[in-house]
Each structure stands twice: as structure tokens, then as C-alpha cells.
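Here is a short briefing on a protein model. Read it with the structure open beside you.

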Amino acid sequence: MKTDNAYNNRLLQEIRSFAKPAALMEVCGTHTMAIARAGMRDLLPENIRLLSGPGCPVCVTSQSDIDRVIQLARNPEVTLLTFGDMMRVPGSETSLQECRSRGADVRVVYSPLDALQLARENPQREMVFLGIGFETTAPTVAHTIVEAQRLKVNNFSVLSLHKIVPPALEVIFSDAQMQLDGLICPGHVSLVIGLGPYDELVSKYHKPCVITGFGDEDILEGIYMLMRQIISGQARAEIQYRRVVKPNGNPIAQKLLSRVFQPVTARWRGLGAIPGSGLTIRDSYAHFDACRRFSIPEIEEKTIKGCACGGILTGKISPAQCALFGKTCTPLNPVGPCMVSQEGACAAHYRYAPMKGRE
Amino acid sequence: MKDERVLLAHGSGGLLSHRLVEEIFKQNWSNPYLDDMLDGATIQLPLSRIAVSTDSFVITPVFFPGGDIGKLAVCGTVNDLVACGARPLYLTAAFIIEEGFSIRQLKQIAASMAETARLAGVQLVSGDTKVVEKGSADQVFINTTGIGVLESETPLHPRRIQSGDQIIVTGQVGDHGLAILAQREGLAFSTPAVSDCAALYRINSLTSMFPGQIRCMRDPTRGGLATVLNEIADQAQMGIVVEERRIPVSPVVRGACDMLGMDPLYMANEGKMVIFAGPEQIQDMVRELRQIPETSGAEIIGEVKGNHPGMVLLETELGAKRILSALEGEHVPRIC
């Protein structure tokens, strides 16, 4: 989408005319990246603060889950298939990338269906797909598991670390320290879940939520819509990203999700264990559940010394406030996952650093 | 020769090796230097400064929309020579082939190299083939080394860059990176993503047409435009300011990057040049570039500044200024 500068400037002017202080959280990593890329924080008035939230699936994966993945990758029977973004995420001792250089069979795939195809081509190997992602990615993984059952691919399984967003938002809203005034809600996730979960959040916490797209003008419109509600003392769930998101979401994807997965308590980096926020594979597809197929012991959650990813993921501190940011922790040598992921708040702040005060 | 495969024996140095060279390479690349089949080629060079460049090409998929590894191997080294301000004359090519690679595809690659070399006015004067066991290499790797002669007295170098110099990019950025990604991921767009892979030999004429005006050139391959601008800012110890709205990006690259969470400024190009030139004749230079098919999309995207040495600034479409950093690590699609 080509940026319409006249329209954007008008939006910026309108936003600047709202004098009330407001802390808005962009939940989604794609928003974090787009906001940093456009240099938007520099253009907004000082009374509006944008905080980055827990909306990058790689970043919120707990340390213990990453350690479990690495342990599975070291099993000589297993070929681990993963999205590229996970390769460099540091576990407490090593990363998948390092494991691979030491002989583990770890391969990058671009879609779960590619992973299934590889399993069909290599029937003698145990092929495990690492399922990471929110409601956006999980339906395609669910579809792949259904396909694997239909095609009777017996050497294929999924290690499901999928998470769903609304329970995490609830944790953030109920955190007394946070004092959030509104949420810029994720466009892609909402394409699947629709407006319903936000209506529930709004009725419970009385904070405006706006489902927002990813272009410059989308984000500015989203901020404008939030500020308009805040100024008038309203709290509603609205959709800015109307060209893509329907109020009832995508019922087919929702059905697929509940057919294959069931909610379970999941551990989030920075937020801890959240009931009902993870997706585990149902008994009817147990054969494709890597957790049941291999013994992957629970590992104690270790924290990386000095890494503030936890605070950053909940918007409590900004990346630049972490003592390691840009010093020992850089995209080339990441200490925490927020610096690795394409969507991580630290990576966004590092790559797209504002110029203010440096000229 | 239906579905014939490369065998380990093709690399043995014996009769099969000889046949591989004869039937695939000599047939496609025939010229007086190569046809002698000596241990090396003896070539005549004008009495002037020469430029030498070498590059190895490893790419999956080997065939992609807009080119193949052979075309890429010729264009890559030709463009590196052009970036030095040289007229490319001769190339050598060394192949590492995985056992089992299709002979038919190898022929296609050799033919594509011959055609690209012919267009670019270079001759493939020496070559080598090695065959390695299946699994030891991914299909085929090619190294090319090129020699060219410098057209001007003063070699191009970032240290010649001055404050006020203008920065040109010769067309839309990110096409090659997206074409490869789309092919690998099996992504389909309403307008297909096609690599910009091209030999930019015609840019040479600019060096003599605008004497002294071109300070330095570089082709923004891996790491993309952003990385090249940073390299040059660092080497020249000058500041650079570019305007996002002036950087040409095709709608398909822009749309796909939005979807995948990627940034066109970090995507690879294989047929683009970034040119740093003095401001005096810059409009004429852009006009000339636009006459050349491979550089018809040339645009001035920014300027060199004396302040903030070593740093590249981007004025975003929204009007904010931020640092445009070099690529660190890999540029991969997001997970959502």
C-alpha cells in the first residue's frame, strides 16, 4: 500500500490535538516493527506513549520450552523442522543453530505443509515440526495435522508451543502496575478470532481496543480511534482494519483450531504461566503429538542473567532501558529472543533507531 | 541423453571428464582462448590498470524466475568489475557439482552463461569442474573470476566521495531477494516476483561520458541497499541521508514485504548499482541511465553529508528521521 502523505499528515495533526496523556500498547510484533520502521514514535506528541507488548511468538516462548526443543533436536532419531526465526534463539546453553553445526538434524521450512511433505519423502526418519505461533499460524498447523492423519503419515509429529493472545491481554490489563489506556490490537490474529474476545476484555476492564492494520495510515488511524474513545471517556472494541477483519473472524479457522487443539496452561516469557493460553494437541490426534511420542522432560525455567526481555514484553521498560541492549546484546549476538526475532521489540528498536538527539 | 546424471566418474579426470567438458562447456563457450584447451589461457590486455574480482555462487533454487545460477555467476562478477569502473573482458568459471545433478540442467546453465557473457562482451577463457559425492554440495556451486580494464585514470573509491555528492540507485530494489524467497516458499503473487539478475556492462560508458563525476559504485547484492549504503558511509567516513519515498520499490515487493514482515531495503539485488556522483551533471547522468534498459528505473535517492560520518539516515515516508543500519544476522520472514 502506497503511503498517502496528505492523509497521514492530517491524521498526525488530529492526534496531536488530543492533549490527554495516554499509554497505548501495540500488542503485535508486526506493529512494533512497522512503528519503528516509520519512525512513528518521534512524530507522536509526548503525551501519547506507545508500549510494545507480548505479540511476538518467538519472544514469548519460555526459556524452558526452548531448552526442551533443543533437547529434542539432539535426539539422533529426530529431524526437527522449524521456521527460520527460531534457529538463533538462545536457550540457556545453546541454540538450534549451534546444535545443527554439531550434527543435529535441524532444517528450516517455510510452512508446516512443507514439513509434512518432507516427512512423506523421508519415511524412515522421525520428522517433528516445531509449532510456534499465535492464532494466525496455528490453523495451518491444525490443517497439516488433519492432512497427516488423512494421508497416514506415521513419521510426522508436531511439538505444539502455540499460544493464543486474549489470555495474555487479560494478564496485562489486570496488572495494576501497567496503567494502560488502550490497546492497538493485532490485525492478523484478529482476522481469525474476530471482535468477540475484545468485547469480553472491554466489558471487564473498560479500556478501548482497536483492531488495527499494518500500514502507516492504518496505525495512525488506529491511534486516532483509540484517542477519540479515551478523550470521550468511552471504551469499545472497534475494527480499523475493516478491509481484512470481520467481526466474527474466520469461523472455519476457529473450527479447525478447536478440532485439533485444546487450551492448556502455557508458560510465557515475561508473563509466567497463563491458564488456557496454550494449544495442545487433542487425544484424537495424539499420534501426531511429539510430546507423547518422545520423552521430552520438563525443564526448569532459567533466566538469562541481565536480560530484560520479560519486562520489555510486558511494556514495563523499553528496550533501550535494558543494560545489555546494543552492548552485549545485538542482532548478531543476541542474548534474549526479543533481539533475535524479526518481530522482536529489541530488534525493531536496534535496527530502526530514531535519530532524535543524535544529529 | 534423457535424464542423464552427473556421476562421480565425471570428475575423475578421465574420459568422462573430458566428455563433460567437451560436450557441455566447450560447446557452449567456444572461443580461441578456451578452444586451445591448455592449462590456462594467455590473454592480451591493453596497457592500463586492470580490475580483478572473484565471487562464488551458491543458490537454491538453481533456476528461478528471471535467471539461473549460471546467469547469476556471470552477472555477479561482471557487475563487480563494472563497480570498480572497469570494462569486463575475461571470465574464468569453476564448477563444483554434486553427484547426481542433471546433465540437461548443467547444459542449460552452461548455455545461459554463454549467452550472458556474449551480451556483456566478456569471454569465458578458462574453467574447471569437480564432482563431489551426493550430499557434499547442494546441486551445483560456481565460482567466477573476472578481469576488466579501467576506463578512467582515477580508480573509483569511496574516499573520493565529497559532501554534496548525490546517490543514484539504478532501479527498483528487492526484486531478486523476493523472487528467490517466493520460489523457495512456493508463494504466488498476482504479479509474479522476477529476479532483476542482469549484467550492467553498459554503465561503463558513463565513466567516460562524465569524466571525474562518478566517485564510487557498488552493487547492492546480499544485505541489500541499506547494507551497501552503510559500508560506503563507513569507508568514506561521510554521512548519508536517503529519502524513503524516492527509493523505487515495485508494488509486488512492497506488498509481499508487508505480508512477510520483511524490508525491501535489506533484500538482495542482482542487477542494480548504487552510484555516488558529483552534483554538477547528475540530472544528465540520470537521463543517460534511463536510456539503458537495465537501468531505466534510475532515481536519485539521497545525498552525502559532511556531518554524522559513517552513519546513514533515512527520512521515512511519514517524515521521521531514523538511522538506517546495515543488516545484522539474517533477514527471514516473520512468524505470526
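**The open sheet of chain A**

In this predicted model, chain A holds an open sheet of 4 strands, ordered S4-S3-S5-S6, with parallel pairing. Strands of a sheet pair through backbone hydrogen bonds, and the pairing can be parallel or antiparallel.

*Strands*
- The edges of the sheet are strand S4 (105-108) and strand S6 (156-160) of chain A, each of which pairs on one side only.
- From one strand to the next, the twist averages 25 degrees.
- Strand S3 (residues 78-82) of chain A runs parallel to S4(A), and 4 bridges join the two.
- Look for A:Thr82, which stands opposite A:Val108 in S4(A).

*Helices on the sheet*
- Helix H5 (residues 63-73) of chain A packs on the sheet and touches S3, S4, strand S5 (126-131) and S6 of chain A.
- The direction of H5 makes about 135 degrees with that of S3(A).
- Helix H7 (residues 112-121) of chain A also packs on the sheet, where it touches S3, S5 and S6 of chain A.
- The direction of H7 makes about 175 degrees with that of S5(A).

**A helix pair in chain A**

- Two packed helices are described by the angle between their axes and the distance between the axes.
- Helix H1 (residues 5-17) and helix H12 (residues 216-231) of chain A pack at an angle of about 25 degrees, and their axes are 10 Å apart.
- Angles under 35 degrees count as roughly parallel, so H1(A) and H12(A) are roughly parallel to each other.
- The crossing of H1(A) and H12(A) is left-handed.
- H1(A) brings A:Tyr7, A:Asn8, A:Leu11, A:Leu12, A:Glu14 and A:Ile15 to the contact.
- H12(A) contributes residues including A:Leu220, A:Ile223, A:Tyr224 and A:Met227.
- The residues of this contact divide into 8 nonpolar, 1 polar and 4 charged.

**Two domains in chain B**

- The domain assignment of chain B gives domain 1 (8-150) and domain 2 (158-323).
- The centres of these two domains of chain B, taken over C-alpha atoms, are separated by 27 Å.
- In chain B, 24 residues of domain 1 are in contact with 23 residues of domain 2.
- On the side of domain 1 that touches domain 2, the elements giving two or more residues are helix H3 (69-83), strand S4 (86-98) and helix H4 (103-120) of chain B.
- H3(B) gives the most to that side, with 10 residues.
- The residues of that side of domain 1 of chain B divide into 13 nonpolar, 8 polar and 3 charged.

Technical notes. Residues numbered from 1 in each chain as written. Chains lettered and ligands numbered in written order. Predicted model: local features only at pLDDT ≥ 70, side-chain atom pairs only at ≥ 80, totals over all residues. Domains from an automatic or database assignment. Contact = placed C-beta atoms within 7 Å. Nonpolar A, V, L, I, M, F, W, Y, C, P; charged D, E, K, R; others polar. Axes fitted to C-alpha atoms, helices over the stretch in contact; angles between N-to-C directions. Parallel < 35°, antiparallel > 145°, perpendicular 65-115°, else oblique. Left-handed = near helix turned anticlockwise from the far one by under 90°. Pairing = 2+ DSSP bridges.
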